[in-house]
Amino acid sequence: MDDRTHLLTLAARCETSSKPDRELDADIYEALGYTVRRKPTRLATRRTPAGGIYQHGSFWKTLGAVSADIDVAVSLLRQKAPDWSWSLQCLAGDDAIAFQALVADCSGQGVMGSLALCAAMLRALARRDSAGRQGSETAEAAGATAPVGRLTET
């Protein structure tokens with residue numbers, strides 16, 4: 001599975017999730033390029049370290065609850081794409097999906113604001129990755145057929 005497909009699959013998981021999920025949190029962090037240490041499920045004791053993300057040398061930081069906490073989702077979005085615009089709305093009604101997010105013209109929805117924001121962010125990242133890949137392929141194709149430039153003196 002390529003990166004774009006993986007990001008879109010995670011976005012769909014965010015939208016279909018009915019509650020925060022630590023496995024989803026870890027998968028989102030991994031998809032965004034973090035090295036994730038997951039808490040073991042077997043032979044775990046109270047002294048077993050919790051899951052976390054690797055940052056700056058040998059420093060392990062606690063894995064943020066990106067699917068549960070809107071502040072963590074916003075800070076992650078600001079880290080990965082500081083210049084992107086985003087918005088989040090709460091839709092009042094009988095529908096179970098109560099939140100809708102928009103990140104860099106990509107939408108997402110979810111039962112919680114953090115899940116909707118994650119879905120929209122992952123879709124925007126998938127679109128950016130595919131646009132960057134297409135741009136580099138176009139540049140390579142143009143470079144292969146373009147004549148070699150000559151220096152002229154005026």
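Start with the three-stranded open sheet: the order is β4-β5-β6, and the pairing is antiparallel. Strands here are DSSP runs of E, at least two residues long, numbered from the N terminus. Two strands pair if DSSP finds at least two bridges between them.

This is a predicted model: local features need pLDDT of at least 70, side-chain atom pairs count only at pLDDT 80 or more, and totals for chains, interfaces and linings use all residues. Residues are numbered from 1 along each chain as its sequence is written, and side-chain values use heavy atoms, with hydrogens and water left out.

Five bridges join β5 to β6, and the two run antiparallel. Pick Val103: Cys106 in β6 stands opposite.

**Helix α1**

Move to residues 3-16. Helix α1 has 14 residues and reaches 20 Å from first C-alpha to last, close to the 20 Å expected at 1.5 Å a residue. That expected span is 1.5 Å times one less than the number of residues.

**Confidence**

Colour by pLDDT, the predictor's confidence in each residue, from 0 to 100. The chain averages 77, and 68% of the residues score at least 70. Finish at residues 137-154, where pLDDT is below 50. Where pLDDT is low, the predicted coordinates should not be read in detail.

Conventions:
Contact = heavy atoms within 4.5 Å. Helix = DSSP H or I, 4+ residues; strand = E, 2+ residues; numbered from the N terminus.
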